[in-house]
Amino acid sequence: MVDSRYSFFETFAFIQKAVEQKTRVKLFIPIVLTILVLSTTGTNILSDVAFRNAAASPNLPNDRTRIFVNTTNSTEDLSYQITNVSIIPVISMRLDYSNQIGGRDIVPGRNTFSFNLTLNASESLQGASMVIQARRNTLGINDSINFTSASAAGGSIQIFDTDLDGFNDRVSWSGNLPPGDFNISFTGNIIPGVNFDENLMYMNLDEGLTYCIYVEYNTFTGITFSNRFSRGPIREGVEMVQLGTWVARGFIKNIAADTTYILSGWELYEIGNPVPVLNSSLTTSISPGDTRYTDWYDSGLADKPAYFSGSFNWEVVWGTSTYRGISTSTMDMPVLYEMDSWSDGTAVLQSNTAGGRSVAVNITTRHLGYSGISINSASINSTLPRFSFEGVPTTWTPSSIRVYYSNGTGTQDITPFTTFQTQNSGSGDGFVYAEIPDILSATGHYMQQNDNIILSYIASSPASSSNQNYTFATNTTLVTLSGTPVTKRIQPYLTIPGVVIPAEPGGGGGGGGGPPAAAYADIVKESADAYFVTANIVRVIVIAGVIDSGDKGIKDVKVLAYVPKDASLDTSSAALRIYRNSTRTWEELALDKDFMVVDRGLTKIGKDEYREYLIKKVTPAGSVFEQTIDMRNGDKIEVNYKVSIPFGTSYLLTRIFGYNYYQDKLIFEDAYTPVRRELSQLERLQIEEDEWFQGEALVGRPVKWTKFFRIYNPNNVSVEEVIATKVFQDSLNVELAEAGLPERTKLQLRGGNETLVNWYARLGGNERKTYMIEADTPPVLETRREITVLESNRTSIRIIVNMTMENFARERYSNVTLLFPVKKEKIIMISDPTVTIEEFQDNVKIIMPGFNGLEVRSLSIMYVETPPMLATTLNAIKFSCSDSAKVTIIVVPSEAELDSYIETEVVGPEPNLITSHVEIVDLKGAKPYQEIRIPIRISLSSFPSGKYFVYTKFNRNFVTILSDKKEFTIDCPGRDLKSVSWMLVLAASFLIVGFLAIRVYRKRSYEKELAELRKKVKEI
């Protein structure tokens, strides 16, 4: 088969050979291409001959072996380039997409994305098809997106759930492509935490299977095959017999499984004479297991033997050829990133007197999205409440409005780059609106992960004689560079104690200022921040103040620090200080002297586990009362500490609490400080790679090589990495498997002089996995066998077998094993002194310690057989529906078995083992110590699928002298099981079938048998 392929960035073509059965091997494959003028073919091919030493399908029928091509890149290239791309119809793919809320990024919650795919064909293409495949199983069995609709300007379009998990992961279109642009639209939903692990904050939509394809059933270049040639394994030799004079003939036997040869002529040569003594141009076929002979030639020599050699002109019968031109446009689906933000606010009472009150409002918004997402515009809209919770109208006036940019290493005033709008809370709520339209111009860079924008202003209003509660509700919005907005709403809460307002003079009995408000005390957060000091260590700083309208203050103030269970607080880094309003100074407390940090273990806050640390005053030994921190109006407490955090977003909670005398209860103020440690800053996978390990090298079978990879993911999150592995250039098949899983993935070969396969290793956090790559390389094959009977008598037959074996691989093999059907004690001599022999069932293993790449080696084996002898051979071990099985029974009787018979029975399939065929052959009239061959052909057209057994018995007087067993399988799905009637079997047992006796010519010491043999030869 020739495949011409085009992709948007690459044009290549290749030639492949497929074998219908796993056991077939083709050898010596030169393929002549129809290239008339190399300079005008539009390819980089340098020769019109493509070749391969061996092609096979070692794993599945019709597995394809690529044929080598001589190109400008390599003399043995696996593919050739199409340099004239103008002859190829081109399809390009362009994808535009957006989140329906704006931009191209993901936000927390449900996201609906709209996609517009534009296909552009260079010419009108009939019968194109397109597949959009989203990544599957990105969070458990959940897929990366759920496609909800699809439409196209023409053709047929559908959405599918390919893995039946409730998520439509594929859009499929087919139809005719007009030249120019053709639009396909589809939509889909993505929910963080459902479609992907939100801890990652990114999601790769690509499965690597998105493409548009157009197929023509010819090659774009016009290249076809003008000639194909191949050969397979044979046995070839010469038979000689002394019939007064020496006569000889050559033979060739097809020993390939399921492969038919064409014999188009032969010659018989006398050694030393270049002119054949006999020849023929008659064409005939040779089925598997069949033998063809030359004519007999009488040398005319009586005493001194002559030597002869046969020459046969033969080749494999090829199947049909297919040609395809494929234009493919592939496209990577996008990687989508999640944007998130954190907003926090404080409203701190600055002053509260009869003359009025002022509140310092600080709003912070932080970038907590993926590190690759940048922000260039932001807005903050803070409400000035018209009414308190108690329904009292208030006029708030904003002033001292500033905007700052903070990134943990410093704070920058960007007020000049900010646009403001303000409104007092008169007839309704007022507001302070700040917009930073161009952060890049304001700071010199975009807003990055963990950076803050802070709005600060003062809100002033008249005093109130009663305690009032207010919320300065605020919306913050960060907009990514792609235009995706993330909005968060916060509600800074503040209680303002009432003050005594003097009554206005005069008025004659007018109302006074009223009684003083009830005393009020609270802890109020003033600021909270967290920033990185090293790659995984964050410093947390929290400041809180005390409001007290009386004189009791807040008693026994302590701090609780909560960090995620996978984080840890460095207790030695903790610092604590107190601001005393009465002295306007900060008091530094010494760790382990003035205060201490106590690890109180794990606790739950909501659904999440945190580790709790208590920070409190140290009580000296022997003290009766516990030492406490007491704070009054205007006092402040500042705590800071370092935390080692894991990957992802961590929410660090600092709680400051104490006793409120006025309410007789503990009160607290919480400060959440989120920080994100970016997951993309990952360590590479740690890979230990073994050397290639060679499996069993059995003559006639491809050799399997194995390489193991032990991989460890040092990160706390999932990591996927592409690994390129060099494999053997003549690899027939390469597969990847993960230890412990039955699935195997076939890998595609890439490259010319250096052949590579690419594969993915995907590991969870801190996970270890073992992967295995297996590669099949061409086998060592027995390509020639000559059998000569040296001597025979009543007690033994001495035979020598001369074999030629060839390694069709480039690799050196160790311990190449030949299974030889003779017991060890019967072997007299093996020509190679380096081999070892091992018993193996009824055979021996002849093990050759080393076999170089492409080496041709001869091996001679001399052994002895003792009559009587029985053997059964099959022309194949696996058959299809319409095949016929050819069973050959070889028997050599002694004088005691001349009135014996051969019984052959086929039973199966497993587990039923019903008799399906029976034949009986009478040996009456056979001569002792002469070989008899009985061929039986069985049509399998009615046999159901399964495993069968052939039982052969050499019987005399209903007693079995020798027996043999062979097995084969039939692969014919859907055929019903049918049994053979036992009546037919009984009838067959009385049927005596004629037999064919072809003699093995041996030296004889008596004239009667010699005369009979001469007569037979003349008849032939």
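Biologist: What makes you say that Y813 touches Q694 and W705?

Modeller: This is a predicted model, and a contact here needs heavy atoms within 4.5 Å. By that rule Y813 touches Q694, A697, V703, W705, T777, P778, V780, N807, P849, G850 and F851, with residues up to four places away in sequence left out.

Biologist: Which residues have the most contacts inside the largest nonpolar core?

Modeller: Y813 is one of them, along with I711, W759, I773, F820, I846 and I861. The core has 47 residues, and its largest share, 5 residues, comes from strand β58, residues 797-807. There is also a second, separate core of 40 residues, which includes A347, Y405, I436 and L494.

Biologist: Why might nonpolar side chains be found together like that?

Modeller: In soluble globular proteins, nonpolar side chains tend to be buried together.

Biologist: Let's turn to the lysine. Why is K707 called buried?

Modeller: Buried means under 20% relative accessible area. K707 has 5%, so K707 is buried. You will find K707 in strand β51, residues 703-712.

Biologist: Which parts does the pair tie together?

Modeller: C881 lies in the loop between β65 (878-879) and β66 (884-892), while C972 lies in the loop between β71 (959-970) and α2 (982-988), so the parts tied together are 91 residues apart in sequence.

Biologist: Why is this disulfide called right-handed?

Modeller: The torsion about its S-S bond is about 105 degrees, so the disulfide of C881 and C972 is right-handed.

Biologist: Now two glycines. Is G369 buried or exposed?

Modeller: G369 has 0% relative accessibility, so G369 counts as buried. G369 lies in the loop between β27 (356-367) and β28 (375-384). The C-alpha atoms of G369 and M339 are separated by 4.0 Å, though these residues are 30 residues apart along the chain. Leaving out neighbours within four places, the contacts of G369 include M201, E338, M339 and D340.

Biologist: And why is G300 called partly exposed?

Modeller: Exposed means over 50%, and buried means under 20%. G300 has 49%, so G300 is partly exposed. G300 is found in the loop between β22 (297-298) and β23 (308-316). Not counting residues up to four places away in sequence, G300 touches T245 and W246.

Biologist: What makes β31 and β36 edge strands?

Modeller: The sheet is open, with 5 strands in the order β31-β32-β28-β35-β36 and antiparallel pairing. β31 (419-423) and β36 (485-490) each have a single partner strand, so one side of each is left without a neighbour in the sheet. The twist averages 10 degrees from one strand to the next.

Biologist: How do you know that β31 pairs with β32?

Modeller: Pairing takes at least two bridges. β31 and β32 (residues 430-436) have 5 bridges, in the antiparallel sense, so they count as paired under the rule of at least two. Among the partners, Q423 is bridged to F431 in β32.

Biologist: Which strands form the mixed sheet?

Modeller: That open sheet has 4 strands in the order β50-β59-β62-β61. Within it, β59 (residues 813-820) and β62 (residues 843-851) pair in the antiparallel sense over 7 bridges, and the bridge partner of V816 is M848 in β62.

Methods
Residues are numbered from 1 along each chain as its sequence is written. This is a predicted model: local features need pLDDT of at least 70, side-chain atom pairs count only at pLDDT 80 or more; totals for chains, interfaces and linings use all residues. Side-chain values use heavy atoms; hydrogens and water are left out. Buried means under 20% relative accessible area, exposed over 50%, partly exposed in between (1.4 Å probe, protein chains only). Axes are lines fitted to C-alpha atoms, for helices over the stretch in contact, and angles run from 0 to 180 degrees between N-to-C directions. A nonpolar core is a set of buried Ala, Val, Leu, Ile, Met, Phe, Trp, Tyr and Cys residues joined through side-chain atoms within 4.5 Å. A disulfide is a pair of cysteine sulfur atoms within 2.5 Å.
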